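Welcome! Keep the structure open beside you and try each task before reading on.

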Amino acid sequence: MTQQHTYAESAIGPDIPIVEAHHHMWPGDRYNRRDLERDISQGHRVIKTVFIDCAANYRTGGPGHLRPVGETEWALSQQGSDGICAGIVGHADMYLGSRAGEVLDAHLEAGGRSFKGIRHNVAWDRHPDTNNALRGAPEFALLDATFQAGTAEVAKRGLVFETWLYFNQLGDMKKLARSQPDLRIVLNHLGGPACNGPYAADRPAMLAEWRRNMADLAKAPNVFLKIGGIGYKSFVAQSVLDGPRSSEFLAGYWKPEICFAIETFGPERSMFETNYPEDRHLTDFVVLWNTYKRIAADFSADERSWLFEKAARSVYDI
């Protein structure tokens with residue numbers, strides 16, 4: 001049964017326009033359109049959303065490499081005048097190499113102008129206690145010649161390539177970005193600052209490496225950053241996960257890293273995301289946006305406009 005929420009806080013800055021740059025939905029009761037409608041009706045001004053691949057409603061027949069197109073077809077059916085699913089990011093297997101072009105064209109035929117790109121997660125760590133990508137990406141996926149032939153097909157069509165990875169893979173992303181300067185890359189979830197497995201014991205050391213790698217990656221102008229995943233179980237200390245948290249608490253925990261990320265990439269290449277519903281075990285939708293608004297309070301009005309709305313509009317052309 002769908003989880004029900006009690007909203008612990010009232011929305012801060014309810015007039016600020018928001019493009020929700022990263023959410024998931026599924027048919028059925030896991031987290032559907034009605035759940036998202038409920039969440040965005042609680043006070044924050046969410047004017048558009050971007051649906052992100054989550055293996056929802058893949059085709060059950062036909063060629064295996066084309067089955068992810070079913071998700072784009074389904075997400076398009078969830079659109080409405082309220083701006084939900086204004087942008088759609090699906091999945092295509094980059095290990096198809098140049099053959100990925102066939103999948104991209106099928107997505108474009110299914111989704112039209114609403115289809116904005118694909119996500120292929122590559123999160124990998126040698127430590128077994130770290131949560132690796134569900135699709136079983138191998139080490140150095142971003143440097144694989146066949147994988148890069150796939151991302152080249154994404155670039156040819158002017159689409160977005162996005163991925164989730166860990167902080168110690170950011171150097172590989174920079175190499176991909178430099179080798180394919182026409183490829184628009186969207187880095188999910190703050191660049192993967194892992195806080196589980198072997199990294200749980202020394203978060204400061206992990207963050208120091210994350211900062212070095214993020215600063216280096218930000219030199220590639222075709223890489224854009226999603227600021228979110230702040231409740232993802234791989235990214236926060238276990239003590240933080242013990243119970244629902246207020247926006248004041250979460251802002252205090254995350255502000256140094258989020259402000260560093262924004263200052264490093266710049267507001268025009270940074271956008272807030274909820275990663276909903278994956279982060280709802282930690283906090284509800286209203287509190288999550290309140291957290292971001294508290295953290296962004298010291299930025300100028302124009303910078304906040306980029307972070308909450310304009311960067312996502314620009315990257316996804318919505």
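This is a predicted model: local features need pLDDT of at least 70, side-chain atom pairs count only at pLDDT 80 or more; totals for chains, interfaces and linings use all residues.

Residues are numbered from 1 along each chain as its sequence is written, and side-chain values use heavy atoms, leaving out hydrogens and water.

**Exercise 1. Find the surroundings of Leu 176.**

Step 1: Go to helix 5, residues 170-179, where Leu 176 is found. Helices here are DSSP runs of H or I with at least four residues, and strands are runs of E with at least two, numbered from the N terminus.

Step 2: Look for contacts, meaning heavy atoms within 4.5 Å. Leaving aside residues up to four places away in sequence, Leu 176 touches Leu 142, Gln 148, Thr 151, Phe 161, Leu 183 and Ile 185.

Step 3: Compare sequence with space. Leu 143 is 33 residues from Leu 176 in sequence, yet their C-alpha atoms are 6.7 Å apart.

**Exercise 2. Describe how the rings of Tyr 95 and Phe 147 are paired.**

Step 1: Recall the rule: rings of Phe, Tyr and Trp (its six-membered ring) pair if their centres lie within 6.5 Å, and planes under 30 degrees apart are stacked, over 60 edge-to-face, and the rest tilted. The whole structure has 16 aromatic pairs.

Step 2: Apply the rule. The centres of Tyr 95 and Phe 147 are 5.2 Å apart with planes at 75 degrees, so this pair is edge-to-face.

Step 3: Tyr 95 is in the loop between strand 3 (87-90) and helix 3 (100-111), and Phe 147 is in helix 4 (residues 145-156), so the pair ties together parts 52 residues apart in sequence.

Step 4: Check accessibility. Tyr 95 is partly exposed at 29%, whereas Phe 147 is buried at 0%.

**Exercise 3. Which residues pair in an edge-to-face way at 6.5 Å and 70 degrees?**

Step 1: They are Phe 285 and Trp 289.

Step 2: Both belong to helix 9 (residues 285-295), and being four residues apart, they are separated by about one helical turn.

Methods. Buried means under 20% relative accessible area, exposed over 50%, partly exposed in between (1.4 Å probe, protein chains only).
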